[in-house]
Amino acid sequence: MPQLPGVYTAKKKNGTLYYRSSVTYRAKHISLGSYDTMEDAHEAYLLACHILQDHTIEIAHYCQDSVLLFEKWVCLINFRDNQLYFANPIYIRPAFFYYYFSPSHFFIFDRDDLFYYSNHKISCRGGHYFVADYGMQINIMNRYGIKNYAIPGKDFRFINGNPNDYRYENIEILNIYNGVSSIYRNGKLAYKTKIHIKGNYTVGIYQTKEEAAIAYNKAIDILKKAGVNKAYAPNYMDGMSPVTYADLYAAIKISPKIEHYLSE
């Protein structure tokens with residue numbers, strides 16, 4: 001059978017023949033994927049050519065039975081419209097860009113993050129989105145100051161109500177410290193500190209969030225000395241002098257349940 005346009009034969013390690021499809025657009029050679037048959041590979045090539053030439057084709061027009069992967073569909077449309085090719089499913093706008101997972105599911109990011117996400121693929125496991133960075137899995141929310149245990153509406157909020165909009169102006173961090181949450185006590189704002197051992201323990205209630213954050217650190221120190229072996233992340237008090245920190249640390253009261261945890 002003669003070779004069809006856009007199709008190249010290749011062999012797997014076991015000798016099985018398969019077909020690769022690719023297209024060249026604006027001097028850019030784009031791989032479209034691997035296929036079991038020459039006909040499917042050629043169909044992918046023809047569809048890619050059609051997408052690149054027809055500006056009426058949109059991301060929302062993608063069908064699940066397409067010979068092209070959805071990611072490639074997005075990449076081609078972005079390249080056609082914006083003259084920039086990314087291997088990840090990104091579509092850029094003047095001030096922001098979309099990172100697509102499906103035609104109806106996407107994240108919104110600031111253009112400042114374009115270089116990062118064009119080089120880091122977002123994956124999802126158990127409802128958590130992350131990227132692989134220097135051999136580690138980095139939670140997307142951590143990149144924006146949202147901690148793993150953070151509670152929406154309590155520790156952070158998306159200002160416009162869209163939890164998929166990660167533009168910086170849309171994210172408000174309500175609580176920057178580990179183990180600290182704001183409460184109202186006798187009609188006044190206060191801060192409660194909790195720490196998880198084999199369940200949540202209240203460390204204390206304090207007038208300022210700085211005191212509550214230091215109380216969390218003090219509870220960590222007490223538990224470690226008592227032999228509790230857990231990887232607690234302490235709070236860092238930016239801008240606070242060592243003297244001020246030491247004075248507050250010494251004065252802050254901790255719940256007796258924490259101080260005598262092991263004896264209980």
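Visitor: Which residues lie nearest the centre of the second largest pocket?
Guide: This is a predicted model: local features need pLDDT of at least 70, side-chain atom pairs count only at pLDDT 80 or more, and totals for chains, interfaces and linings use all residues. Residues are numbered from 1 along each chain as its sequence is written, and side-chain values use heavy atoms, leaving out hydrogens and water. On a 1 Å grid over the protein atoms alone, a pocket is an open set of points with protein on both sides within 12 Å along at least five of seven lines, and lining residues have an atom within 4 Å of a point. The second largest pocket has 17 of them, and nearest its centre lie Gly127, His128, Asn139, Met141 and Tyr166.

Visitor: Which elements give two or more residues to the lining of the second largest pocket?
Guide: Strands are DSSP runs of E, at least two residues long, and elements are numbered from the N terminus. Two of them qualify here: S8 and strand S10 (156-158).

Visitor: What is the volume of the largest pocket?
Guide: A volume is the space filled by probe spheres set on the grid points, which are joined across faces, edges and corners. The second largest pocket comes to about 270 Å³. The largest pocket has about 470 Å³.

Visitor: Which element gives the largest share of the lining of the largest pocket?
Guide: Among the 19 lining residues, Tyr149, Gly179, Val180, Lys194 and Asn200 are closest to the centre of the largest pocket. S12 and S13 are the elements that give two or more residues to this lining. The largest share is four residues, and they come from S13.

Visitor: How many bridges pair S12 with S13?
Guide: Two strands pair if DSSP finds at least two bridges between them. S12 (residues 180-185) and S13 (residues 188-196) form a hairpin. Ser181 stands opposite Lys192 in S13. The two strands run in the antiparallel sense, and the number of bridges is six.

Visitor: Which residue in the turn of that hairpin has a positive phi?
Guide: Two residues lie between S12 and S13. The phi in question is about 55°, and the residue is Asn186.

Visitor: What is the volume of the largest cavity?
Guide: In a cavity, a 1.4 Å probe fits but cannot get out. One cavity of 30 Å³ or more turns up in a search of the whole structure. Its lining includes Lys147, Asp155 and Phe156. The volume is about 50 Å³.

Visitor: Why is the pair of Tyr62 and Phe70 edge-to-face?
Guide: Rings of Phe, Tyr and Trp (its six-membered ring) pair if their centres lie within 6.5 Å; planes under 30 degrees apart count as stacked, over 60 as edge-to-face, the rest as tilted. The structure holds 27 aromatic pairs. In this one the centres are 5.2 Å apart and the planes at 65°, so the pair of Tyr62 and Phe70 is edge-to-face.

Visitor: Are Phe107 and Tyr129 buried or exposed?
Guide: Phe107 and Tyr129 also pair edge-to-face, 4.9 Å centre to centre with 70° between the planes. Phe107 sits in strand S6 (residues 105-110) and Tyr129 in strand S8 (residues 128-133), so the pair links distant parts of the chain, 22 residues apart. Relative accessible area (1.4 Å probe, protein chains only) under 20% means buried, over 50% exposed, and in between partly exposed. Both residues are buried.

Visitor: Which ring lies under the charged end of Arg143?
Guide: A charge sits over a ring if NZ of Lys or CZ of Arg is within 6 Å of the ring centre and within 35 degrees of the ring normal. Arg167 does this with Phe96, 4.9 Å from the ring centre. For Arg143 the distance is 3.7 Å, and the ring belongs to Tyr116.
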